[in-house]
Amino acid sequence: MGATALTAQGRTGVFDGIRRWQRRHWRERSKAERVELQSVIMWYATVWVFTLLWLLLPLTSEVRHRRLPLALGGLLLVVGVLQGVAVNLLTRPALDHYLGRATLPVRALWPAVGLFGLGLVLPLALTAVGGIAPWTARMALGAALLSFGPLYGLVVPVPVALRRSAVLAVVLMAGVVLVGGRTADTLMTGMMIAFATGVSLLISRCGAWTLGVLWEAERAREVEARLAVAEERLRFGRDLHDVMGRNLAVIALKAELAVQLGRRGRPEAVEQMIEVQRLAQEAQREVREVVRGCREADLAAELAGARSVLAAAGIDCTVTGSHAGLPAPVQSALGWVVREATTNVLRHGDARQCTVSLRVADGRAKLCVENDGAREASGGDRPGSGLAGLRERLSKLDGTLRAGPAGRGRFRLTAEVPLPPAAKSAARAMSEVTA
């Protein structure tokens with residue numbers, strides 16, 4: 001009972017260790033990191049699988065029990081083990097070299113190349129002294145090639161690897177002839193080298209190429225996430241500009257009017273300051289809505305607000321047309337246009353008259369804001385961010401925005417948005433009723 005309990009406790013401890021390793025080294029990794037770790041482990045294991053099946057088992061069962069063959073066979077086994085260790089140590093640096101994350105110096109490959117050379121020479125030496133059969137020598141050559149080949153395939157281009165493999169095949173086939181191999185043994189050696197070269201490149205290049213594509217997709221997702229964050233920041237800045245631009249302009253205008261009335265001792269100054277307070281509170285509310293990302297401009301409210309604000313500034317404002325029947329997204333986009341246009345009229349130039357017209361024609365809603373008192377454009381003037389934000393809003397609805405001089409001292413801003421078929425008929429009917 002005690003031994004059984006200790007055994008169960010040992011198994012539980014092993015499983016707990018595996019779970020801790022999984023949480024620490026697996027779940028915290030990204031998908032690309034998991035695939036890369038799995039590929040590297042597979043490459044590690046491949047080296048030892050071929051060393052075991054193609055070198056250790058055939059050699060230990062087929063080597064002749066004489067002093068020299070046993071010595072050469074033992075040396076070949078040691079070389080095979082050392083080659084596996086060297087290849088495992090270089091697999092991760094070679095993969096980083098292939099993926100462009102680091103550079104693998106040529107001198108770092110020298111130990112593995114030297115062991116690879118010994119792994120090719122010793123089977124031929126064993127064959128020459130009659131220590132192993134020709135097929136065992138071919139298996140040993142294949143083990144050396146399949147251990148070193150995937151590593152070498154990650155370091156050099158495929159054409160270079162193929163050319164050097166062809167040269168190596170010629171050299172080894174000549175070596176088989178020199179040690180007394182038959183024609184069939186020579187041809188089988190060439191076929192073995194061709195097979196090992198193809199498998200090595202398939203193992204290394206296909207896996208590394210897949211990892212490269214996966215990491216490119218991972219980087220693309222990161223870039224997409226950063227672009228989404230940047231776009232949201234632009235949206236927030238644009239909305240904040242649209243919200244605060246007109247409100248601050250009106251607050252400044254009302255405050256200036258209150259100062260002038262206060263200096264004259266007029267009681268209307270109190271009413272103007274109350275209006276300033278109301279506008280400031282409304283601006284706070286709108287800023288909170290922008291932060292929540294749920295603010296939409298109301299066209300009717302923006303048209304009424306534009307008429308009121310411009311009239312308070314001493315600008316004669318005329319609004320014509322009806323927004324009835326227009327879809328909510330179109331009304332929201334045109335509401336932002338009215339807000340930005342009103343802000344520009346207050347800020348720029350010395351307008352005395354402003355007209356705002358809204359009509360539906362040819363399946364498009366057209367909003368036009370025109371004012372006088374526009375300043376002459378200078379070479380140093382730059383287009384404001386407000387108009388750029390409006391163009392971005394309208395482009396989502398396939399709309400357009402045009403802004404520019406409309407004669408001497410006049411400025412015109414025109415926004416057009418196409419309407420869906422159902423909205424076209426509804427807007428046309430409402431226009432006829434209004435007319």
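Me: Pockets and cavities first: on a 1 Å grid over the protein atoms alone, a pocket is an open set of points with protein on both sides within 12 Å along at least five of seven lines, and a cavity is a set where a 1.4 Å probe fits but cannot get out. What volume does the second largest pocket have?

Reply: About 340 Å³. Volume here is the space filled by probe spheres set on the points, with points joined across faces, edges and corners. This is a predicted model, where local features need pLDDT of at least 70 and side-chain atom pairs count only at pLDDT 80 or more, while totals for chains, interfaces and linings use all residues. Numbering starts from 1 along each chain as its sequence is written, and side-chain values use heavy atoms, without hydrogens and water.

Me: New topic. At what angle do H4 and H5 pack?

Reply: About 170°, with their axes 9 Å apart. H4 spans residues 110–128 and H5 spans 134–155. Axes are lines fitted to C-alpha atoms over the stretch in contact, and angles run from 0 to 180 degrees between N-to-C directions. H4 and H5 are therefore roughly antiparallel (over 145 degrees).

Me: Which residues meet there?

Reply: From H4: Ala112, Val113, Phe116, Gly119, Leu120, Pro123 and Thr127. From H5: Ala137, Ala140, Leu141, Ala144, Leu145, Phe148 and Leu151. Contact means heavy atoms within 4.5 Å. The H4 contact with H5 has 12 nonpolar, 2 polar and no charged residues.

Me: And H4 with H6, parallel or antiparallel?

Reply: Roughly parallel (under 35 degrees). H4 and H6 (158–178) pack at about 25°, axes 10 Å apart. Phe116, Leu120 and Leu124 of H4 touch Leu168, Leu172, Gly175 and Val176 of H6. That contact of H4 with H6 has 6 nonpolar residues, 1 polar and no charged.

Me: What lines the largest one?

Reply: Trp43, Thr46, Val47, Val87, Thr91, Leu146, Pro150, Leu151, Leu154, Ile203 and Ser204. H5 gives the most, with 4 residues. H2 (31–62), H3 (67–98), H5 and H7 each supply at least two. By class, the lining of the largest cavity has 8 nonpolar, 3 polar and no charged residues.

Me: How much space lies in the second largest cavity?

Reply: About 70 Å³. Its lining includes Thr51, Leu55, Gln83, Gly119, Ala140 and Ser147.

Me: Which helices supply at least two residues each to that one?

Reply: H2, H3 and H5. The lining of the second largest cavity has 6 nonpolar, 5 polar and no charged residues.

Technical notes:
Parallel < 35°, antiparallel > 145°, perpendicular 65-115°, else oblique. Nonpolar A, V, L, I, M, F, W, Y, C, P; charged D, E, K, R; others polar. 1 Å grid on protein atoms, 1.4 Å probe; cavity = no way out; pocket = protein on both sides within 12 Å on 5 of 7 lines; lining within 4 Å.
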